[in-house]
Amino acid sequence: MKKTIKSVRFLKADRFKTENMKKFLYIITVLGAFVISSCTKDFEAINTNPNAPVSVQPSLLLRQVIYNFGEEMSYEGFVAGDLLSQHRTALDFNLFDRHALKSPQLGGNPWPVFYTNLRDNEIILNQSRTTDAFRVYEGPALILKAYIAAGLTDLFGDVPYFEAFDGVNSTVTPAYNEQEAIYMNEGGILDNLNKGIVAIENYNDAIQLEGDILFNGDLNAWIRFANSLKIKHLLRISDRVDVSADLQAVFNDDNYIKTNTKNAVFDFTNSDPNSFRLAQLRIGDFNNFVLSETMEDILVDLNDPRIETLFRPFSNSTSGEFNGLLNGVDATSTSITLADYSLASSMFREDTSTLDANFITAWEVHFALAEAAAKNLISANAQSLYETGITLAFEYWNTELPPNYISGPASFNASGASSIEQIITQKWIANTINGYEGWIEYRRTGFPELRTISASLNNDLIPTRMPYPDEEAALNAENYIKAADATDNNSINVKVWWDE
C-alpha cells in the first residue's frame with residue numbers, strides 16, 4: 001500500500017546565484033510586499049531598496065531548505081551512509097567503503113550540505129523575528145535548525161555552531177563548539193525544539209505558512225515533528241544525561257508521529273527534477289552499489305521479505321536468489337563480476353515514486369520509545385511499541401508483513417538476542433538510505449554487529465565519526481587546528497560526546 005503523501009512540485013536547489021534569478025526574486029519580493037501590505041503595517045520592512053541586496057521570501061527559502069537537505073541526504077545515504085552502516089557496498093570508487101573517510105568519492109562529504117542549509121534556514125529565522133508578516137516561520141525554522149544541527153554534530157562531534165550560519169552579521173571563521181553544548185545549552189538542539197513548539201503555540205495570526213513541502217502548512221504537524229525529534233535526541237544522549245523525566249513527559253503528552261500518514265517525509269517522483277538522484281545519474285554509478293553481505297545475512301536469517309523490496313536477485317541466479325558482497329573490497333586486486341551480486345531494486349532508479357526523503361517516521365519514533373521503555377527510561381510496554389514499529393516499518397516499505405514474522409526470529413524475546421539488539425536491528429533495516437542513521441545507531445548501541453571489512457584502510461576499525469573536511473583547514477584554519485588537536489589530528493576513531 002503506497003503511503004499517502006502530499007504531491008508537491010519542488011524547486012530544484014540552485015541557490016539562486018545568477019543575476020537573472022536575483023532580478024526575478026526582487027520582482028517577486030516587491031509584488032509579495034504589496035499583497036502583504038493589505039494586512040500588515042510593515043510594508044517598508046518588507047519592500048526592498050533596488051540598490052540594496054535582495055532578500056528572498058521565506059516561503060521560497062523554506063521550500064528550498066527542505067527539498068535540498070532531503071534530496072542531498074537521501075543521495076548521501078545511498079552512496080555513503082549505506083556503506084558505513086553496511087546496507088550495501090561499493091564495487092569501484094570505493095576508498096570510502098574501505099574507511100578512508102578523508103577521501104570522499106561519489107559521496108561522503110555532507111559538511112557543505114549541513115552548513116548551506118543551516119545558513120539559509122537562519123535567514124528564515126531572522127526574517128521571522130524582524131518582520132511581523134513572516135512570524136509564522138519562526139517555529140518551523142527553529143525546529144529545522146535543531147533537526148539539521150543534530151545531524152551535523154552526530155556525524156562530526158564538535159562543530160562550529162553558535163557563531164556559525166550568519167556570515168553577514170557575524171564572523172566567517174566561527175569557533176568550534178563542544179557537542180554537549182550544542183545539545184544542551186540555550187540556543188542548542190533541545191532548547192530550539194522547545195522554543196519552536198512554543199513559537200507555534202503562541203502564533204495566532206491569519207497568515208499561513210507557505211513553502212512547506214513536509215506538512216503543507218500544518219503547524220500542528222510541526223509540533224508533532226518537534227516532539228518526535230525530542231524523543232529521538234533525548235534517547236541519543238541518554239547514556240550521558242538523565243533524560244527519563246523529559247522522555248516520560250513527551251510520551252505522556254501523546255503528541256508525536258504515530259502513523260505513516262503523518263511522517264515527516266516528501267515523495268520523490270518518476271521524472272526530473274524531482275526523481276531520486278540515482279535515477280538521473282548514469283547507469284554505471286547506480287551499478288557501482290550492491291547488497292552488502294551484512295545486510296544479506298541479517299535479512300535472510302530473519303526470513304525478511306524486504307530483501308525483495310530493497311534489492312534484486314543477482315543476474316547469474318538460477319532461482320531468484322540474492323547475493324551480497326563483503327564491504328571494503330580492494331577493487332585494484334580483486335576481480336568482481338557485477339552479475340554475481342544483487343543491485344538495488346527498481347524503486348531506486350526505474351520507479352522512484354514510492355521512495356521518500358525521510359526526516360523522521362512513525363516507525364523510527366516507536367522503535368525509540370521501545371528502547372526507552374526497555375531501558376526503563378519511560379513507563380510503557382516495550383514489546384508493544386516494538387511490534388508496532390515493525391508493522392509500521394513494513395508498511396512504510398510497501399512490503400506485506402508475514403504472519404509469523406513478529407513471533408519468529410524477529411520476536412522481542414528471541415533466543416540469543418537482547419531486546420535492545422532486536423529493536424536496533426529492526427530500526428537499522430528500515431533506515432536504508434536514511435542519511436547516516438544506521439551507522440550512527442550502530443555507534444551508539446553496537447547493534448547490529450557489523451563485519452570487519454575486506455580491505456580496511458583504517459586498521460580494521462569501524463569509524464566512530466566523520467572527519468572535518470579539508471576546506472575547513474584552509475578557510476577556518478585557527479579554529480580547525482584546535483578542533484583537530486581535540487580529535488587526535490582529526491581522527492575518525494575518536495568518539496563523539498554522547499558515545500564516550
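In the predicted model, among contacts between residues at least 6 apart in sequence, 76% join residues at least 24 apart. The protein has 19 helices and six strands, and buried residues account for 59% of its 500 residues. Its accessible surface comes to about 20,300 Å², with 47% of this area belonging to carbon and sulfur atoms.

Helix α9, which spans residues 244–253, has L247, Q248, V250 and F251 as buried residues. These residues cover an arc of only 160° around the axis, and they therefore lie on the same side of α9. On the other side of the helix, A245, N252 and D253 are exposed. The cover over the buried residues of α9 includes α8, formed by residues 219–236, and α14, formed by residues 362–374. Just after α9, the chain continues with D254, which takes a positive phi of about 60°.

Helix α14, which contributes to the cover of α9, also packs with helix α15, made up of residues 382–396. Two packed helices are described by the angle between their axes and by the distance between those axes. For α14 and α15, the angle is about 160° and the axes are 8 Å apart. Since angles over 145 degrees count as roughly antiparallel, α14 and α15 are therefore roughly antiparallel to each other. The crossing in which α14 passes α15 is left-handed. On the α14 side, the contact is made by A362, W363, H366, F367, L369, A370, A373 and A374, while α15 contributes A382, L385, Y386, T388, G389, I390, L392, A393 and Y396.

A further site concerns D158, which is placed in the loop between α5, formed by residues 138–156, and β2, formed by residues 159–160. When residues up to four places away in sequence are not counted, D158 touches Y176, N177, E178, Q179 and Y468. The C-alpha atom of D158 is separated by 7.4 Å from that of A483, although the two residues are 325 residues apart along the chain.

Definitions and conventions: Residues numbered from 1 in each chain as written. Predicted model: local features only at pLDDT ≥ 70, side-chain atom pairs only at ≥ 80, totals over all residues. Heavy atoms only, no water. Buried < 20%, exposed > 50% of the residue type's maximum accessible area, 1.4 Å probe, protein only. Helix = DSSP H or I, 4+ residues; strand = E, 2+ residues; numbered from the N terminus. Arc of directions from axis to C-beta. Contact = heavy atoms within 4.5 Å. Areas by Shrake-Rupley, 256 points an atom, 1.4 Å probe, with all protein chains shown as cover. Axes fitted to C-alpha atoms, helices over the stretch in contact; angles between N-to-C directions. Parallel < 35°, antiparallel > 145°, perpendicular 65-115°, else oblique. Left-handed = near helix turned anticlockwise from the far one by under 90°.
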